[in-house]
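Please read these notes beside the model.

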Amino acid sequence: MAELERLDKARIEALLSRRFAEGFKRLGELPDPFDLHDMSKAARRIAEAIRRGERIAVVGDYDVDGVVSSALMEEFFEIVGHPVEVVIPNRFRDGYGVSPAILERIEADVVVTVDNGITAFEAAEVCKRRGIDLIVTDHHTPSDTLPAAYAIVNPKQPACSFAYPEICGAQVAWFLMAALKKELGLELKMGRFLDLLALAIVADVMPLTSINRPLVQKGLQMLSTSPRPAFEAVRAYLGKSRFGAEDIGYGVAPRINSAGRMADASVALRFLRAKSLSEASAGWLELDALNRQRREVEAQTTEAAMAAARADDPVIVVWGEGWHEGVVGIVASRLVSRFKKPAIVLSVEGDRAKGSGRSIGEVDLFGLLGRCASWLEGFGGHKMAAGMSLSAARLEAFREALCAEASKLDPELFAPRHDVMGELPMAEIDWELMEILERFEPYGEANERPRFLLREVEVEEARPIGQEKNHLKLSLRDGPYRLSAVQFGFDKPVRPGERITLTGTLQVNEFNDRRTIQLMVHQID
């Protein structure tokens, strides 16, 4: 492995401090919600509807960001004392976002979208014909034209000069709520919603820099003590009293997402809005069962997708008849991890294909799809993730066109964005180092947990763990120093007595009120 800087605690702290100085804000530096284009217009119209007693409906999305956005809006209107109809489309019956079919079920004077709507051209026309004021709040990348809505609040639209465009749908909704608070003259602390907001920011893989970092930081602190029944249930079932972004990303978000993937997102919305611990506990168990079902279907689909992949293509594009639509995005992520290339996975039903894509490095997947739009019936998303639909008869032509466009890109763009900070002697790994690392949390997108290299350490113990014995538990030693380590989904067996070089991240493992330092292994050489 290439020569790396040899690190000590002081050097690690200096490197992380430099990262902190370059891109992080404080809660006191949050921007004015009215800096978002059309926010004044949107807030005034909704406030007017509240004062007049008009009918208001909110249309959300079935992923974590969309469900949290819906929960936030429902809670806000409950506080205001104005009835609101919250509708989350069913992935299988309704498809994505506000649509003419969804609008047939809604009787309202004002419809507000959260985490969707920036491509709702047909829905906007239906609203105009019916005299409904459509207010779009979204964060996805817009196309060259925008729907003819009453107001559009989206930090990525060309007319918007908002300083922080990399925010999720729930944050746009939260800023709308803050604008409504001012418009209505409410005495309301917006910080009360940060436990929910942190869940959406992390789950939607927003960069944990600038304004996102302090919001997540405060939200995670609140999550540890939140009286919200849903989070009481989370603490009880996960056996945790302190939460990091990884706990959200790997423990909570997949269960919330499983409702929309496998059944209906209303299950997740009911869980987040539960009024009692018993109701929340029942909701968590239902989500947990759906998540187990999701894992089984995902494993089957991943196996089929791996077999269908053309490893030499610059973008992996695979499809299958009857593949479960709820897991294609996760399977695409698995293909990205395996092939180190962008991947698109599509489910074919009859003559239609619908799927999801995930990217890698600096490859702009949304931009690639835009250059192949003539083959698609519709697409949306952002640089790192996108959804699309097309005729099944065009799948092969679409794959060829996409690969042709991708082959024109600089190969450097495909490099994964995981850098090793440096070589770390085991002697430096102690609770003092963990306290230094903790000061720069939360870690996640654009603020990666530092990855270290440990060179030529001895394996004292190595044993497969997990129901399928596909994870590896290690006890490592370097002279008098010892360290516990775990590798998930290992593919390189090691034996006691071997000396290995490995990379990974350091985390605190909490179990039965006992805290230990553990290396999460990414690669063994």
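This is a predicted model: local features need pLDDT of at least 70, side-chain atom pairs count only at pLDDT 80 or more; totals for chains, interfaces and linings use all residues.

Does serine 210 count as buried or exposed, and at what relative accessibility?

1. Serine 210 counts as buried, at 17% relative accessibility. Buried is under 20% relative accessible area, exposed is over 50%, and partly exposed is in between, using a 1.4 Å probe and protein chains only. The residue sits in the loop between α7 (194-203) and α8 (212-223).

2. Residues are numbered from 1 along each chain as its sequence is written, and side-chain values use heavy atoms, with hydrogens and water left out.

3. Aspartate 38 also has a positive phi, about 70°, and is not a glycine. It is found in the loop between α1 (9-23) and α2 (39-52).

4. Helix α16 covers residues 431-439; its buried residues are Leu433, Met434, Ile436 and Leu437. They span an arc of only 155° around the axis, which puts them on the same side of α16. That arc is taken from the directions from the helix axis to the C-beta atoms.

5. Proline 442 lies in the loop between α16 and β12 (451-465). A cis peptide bond joins glutamate 441 to proline 442, with omega about 0°.

6. The protein chain has 16 helices and 16 strands. These are DSSP runs: helices are H or I, at least four residues, and strands are E, at least two, numbered from the N terminus. Of its 525 residues, 54% count as buried.
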